[in-house]
Amino acid sequence: MNKNIVILGTQWGDEGKGKIVDCLTSNSAYVVRYQGGHNAGHTLVINGKKIILHLIPSGLLHDNVIGIIANGVVVSPLELIKEIKMLETNNVFIDKRLFISSASPLILQYHIEMDIAREKKLGISALGTTGRGIGPAYEDKIARRALRIGDLKNEKTLSTRLEKIVSYYNHQLVSFYKHKPVDYKIILRDLLPTIDLIYDMIQDTTSILHNAIQDRKKIVFEGAQGSFLDIDHGTYPYVTSSNSTIGGVITGTGVGPKHLHYILGVTKAYSTRVGHGPFPTELFDDVDKHFSQKGCEFGSTTGRKRRTGWLDAVSLCRSVHINSLSGLCITKLDVLDGLNEIKICTAYKNINTSEIVSFPNIDEWENIIPVYETYSGWTKKTLGIRKLKDLPYEARNYINRIEEITQTPVDVISTGPDRSDIILIRDVFFC
Ligand code: IMP
């Protein structure tokens, strides 16, 4: 049977999903983005060349694959065109291979200005958003005032609705946030030339996917961000505004759960987080420096330094449950090379009572500390290893312990940035 697989992040994003999607879609017919927007940053290294995608599905670099930006994604047409052009300069042509849902909400300049103005006003309590207008665009969708991709097809109503919505935003931007206003004529002027370029891509992507399922084509669903940035299940309010957990696939595409056959949870071999919010295993020592430098832990969208820490198996187990994970993919294992010892957080303890806390409520995060298990590190390089048996004993031990704690098989291991630096333990399309 042809399986459809979901690839999503189990931590706070930046787990290395882009590379895994790229590797696993070589075998599939469709790759689908279902939530988030250009706040995502998926880094791919192909033949030594680095490409960062924010909005376009990572698997589209294979020229036999069709890409879908489904209804759950918030789309900036200007960013989309920028990315298409960037790919063309890298000899990747996606003409007639990319479709965008007519129901995807637009991200326009007023969303970006609102995102920036709000963060500024929050000062030290800011969320640390990517400043890409993601939150305001999803708010418009829920408030039922969003302009959507399909609205680009009718210039007259687009212009009328745009003028109205801009006056609504300017009122808040100027009066409340003391921020500069936006000009709807400039937004329209910049938007109009993009319409011709994407007009034919605008489709009912739900029907495209249903037809693909009927034709028994393999589909890869590509998640953005990570499970603890999920608007419902994440460390609220320090989250993004979409469902980055499994439910986002269903609402964000119109494909039901019986067609999702395997769910791969991508997990970095340690932890990172950009932006503010709880991070129990965060480090501020030489190991943080090791992770930052060896793992190049700087945001691919904003360039910010990522916070780093040991693997947090408590939240990983939570991720296994909330996403019904079929298997795990451990990425950046090679970044652990050369550490004397490696730790896994296996429980959270209340700092005042020393009692073990199962999973903290919103107000409990600041009162918990991690309880660690410590293992020997390894000196041999794992970079580029492609067979499980070639990993050092200690690295295999680390992987085994993750499987034991999470009760979930590790089916894929990534051992470096390149497409070919991968250990496929089980074929996720057939297991
Ligand atoms: P927003 O998605 O720009 O609203 O940002 C909300 C939070 O999610 C901030 O802490 C961001 O740093 C974080 N975030 C958003 N997208 C990503 C991502 O792709 N990787 C990691 N963190 C992200």
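Reader: In which strand does His42 lie?
Author: The model is a predicted one. His42 belongs to the run of residues 42-46. That run is strand S3.

Reader: Is His42 buried or exposed?
Author: Among the residues in contact with His42, beyond four places in sequence, are Lys17, Gly18, Ile52, Ser58 and Glu222. The cut-off for a buried residue is under 20% relative accessible area. His42 has 5% relative accessibility, so it counts as buried.

Reader: Which residues does UniProt list for "active site" along with His42?
Author: The listing comes from an unreviewed UniProt entry. In this model the listed residues are spread over 128 residues of sequence, and also in space, up to 25.7 Å between C-alpha atoms. Besides His42, the record names Asp14 and Lys141.

Reader: What is the relative accessibility of Lys141?
Author: Lys141 is placed in helix H4, residues 134-142. Beyond four places in sequence, Lys141 is in contact with Asn71, Gly72, Pro105 and Ala146. Lys141 counts as partly exposed, because its relative accessibility is 33%.

Reader: How many residues surround the ligand?
Author: Asp14, Asn39, Thr130, Thr240 and Arg304 are the closest to the ligand. By type, the shell divides into 6 nonpolar, 8 polar and 2 charged residues. The number of residues that surround the ligand is 16.

Reader: Where is the place of Ser300?
Author: UniProt lists Ser300 for "binding site" in an unreviewed entry, together with Thr301, Thr302, Gly303, Arg304, Lys305 and Arg306. Ser300 touches Gly41, Thr43, Ile52, His54 and Arg306, leaving out residues up to four places away in sequence. Its place is the loop between helix H9 (286-294) and strand S11 (307-309).

Reader: Which side chain does a polar contact of 2.7 Å join to Glu297?
Author: Glu297 lies in the loop between H9 and S11 and counts as buried because its relative accessibility is 0%. Another, of 2.7 Å, joins the side chain of Glu297 to that of Arg306.

Reader: How far apart in space are Glu297 and Arg273, C-alpha to C-alpha?
Author: Residues in contact with Glu297, beyond its neighbours within four places in sequence, include Lys268, Thr272, Arg304, Thr308 and Lys332. Arg273 and Glu297 are 24 residues apart in sequence. In space their C-alpha to C-alpha distance is 9.4 Å.

Reader: What polar contact joins the side chains of Thr308 and Asp288?
Author: Thr308 is found in strand S11 and counts as buried because its relative accessibility is 1%. Apart from neighbours within four places in sequence, its contacts include Ser271, Phe279, Asp288, Phe291 and Glu297. The polar contact between the Thr308 and Asp288 side chains is one of 2.7 Å.

Reader: Which residues in H9 are buried?
Author: The cover over the buried residues of this helix includes S11. At the start of H9, a side-chain oxygen of Asp285 comes within 3.0 Å of the backbone nitrogen of Val287. The buried residues in H9 are Val287, Asp288, His290, Phe291 and Ser292.

Reader: Which residue with a positive phi follows H9?
Author: The phi of the residue in question is near 45 degrees. That residue is Cys296.

Methods
Residues numbered from 1 in each chain as written. Predicted model: local features only at pLDDT ≥ 70, side-chain atom pairs only at ≥ 80, totals over all residues. Heavy atoms only, no water. UniProt positions renumbered as here; feature names shortened; annotations may be inferred. Helix = DSSP H or I, 4+ residues; strand = E, 2+ residues; numbered from the N terminus. Contact = heavy atoms within 4.5 Å. Near = heavy atom within 4 Å. Nonpolar A, V, L, I, M, F, W, Y, C, P; charged D, E, K, R; others polar. Buried < 20%, exposed > 50% of the residue type's maximum accessible area, 1.4 Å probe, protein only. Polar contact = N/O pair within 3.5 Å; in protein donor to acceptor, adjacent residues only side chain to side chain.
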